[in-house]
Amino acid sequence: MTNTGHGLSDQEVGDLASRTAKSLRVAIANSRIYPAGSTIMRSSLESLLDPIARYLETRETMVLMRHKDRLVLDKQAVLDAVTDFLAKQHVDSVTLRRGVTTEELSVFVQILAGASKAGAPGQGLDAALAAQGVTHLTLNQTVFVAVGKNETVVKKFSDLVTGLAPSADVGGAMMAIRQS
């Protein structure tokens, strides 16, 4: 049993990733059936928060990445249909910070379920989350743009991550890139 260096074994991280994916999928499904304040939704959100809070006991952030049909947490890949919901909203990764609440998760779940509008046209999901008071959750989205004949690319992703250490905080690196 390998330790990730943060107090959790690889097996524990894999179990938490699996529980998070399953709980997120269930919360999304339930949000399409039950009202946000219902007992079932509160229970679903508490079940979602449980593995997240457990993981965040040992770290400041939890970064869930979507890779094809897998959800990845600390190199532990979990096959789960929840990635379909992330892909539909063009979400590549979700960064959760210590202190995330069920209320914040509820906003996130509603957006992924399509029950809540993501915001004004052209507004990113992060701006929509911030507008609803979500401060402990960040989304990284894929954005495709066309480059015209007389336009140039100012920064390439590969240029921004050159020299990034393999053990680097990927969520922090993505935040730094977004801010540059």
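Me: Where does Ile 33 sit in the chain?
Reply: A heads-up: this is a predicted model, where local features need pLDDT of at least 70, side-chain atom pairs count only at pLDDT 80 or more, and totals for chains, interfaces and linings use all residues. Residues are numbered from 1 along each chain as its sequence is written, and side-chain values use heavy atoms, leaving out hydrogens and water. With helices (H or I, at least four residues) and strands (E, at least two) taken as DSSP runs numbered from the N terminus, Ile 33 falls in the loop between α1 and α2.

Me: Is Ile 33 buried or exposed?
Reply: Buried means under 20% relative accessible area, exposed over 50%, and partly exposed in between (1.4 Å probe, protein chains only). Ile 33 has 60%, so the call is exposed.

Me: What length does helix α2 reach from its first C-alpha to its last?
Reply: α2 covers residues 39-56, so 18 residues. The expected span is 1.5 Å times one less than the number of residues.

Me: Which elements cover the buried residues of α2?
Reply: The buried ones include Met 41, Leu 45, Leu 48 and Ile 52. Their cover includes α1 (10-31), β1 (61-67), β2 (70-73), β4 (91-97) and α4 (102-113).

Me: What share of the protein chain's residues counts as buried?
Reply: The chain has 7 helices and 5 strands, in the order α-α-β-β-β-α-β-α-α-β-α-α. Of its 180 residues, the buried share is 37%.

Definitions and conventions:
Contact = heavy atoms within 4.5 Å.
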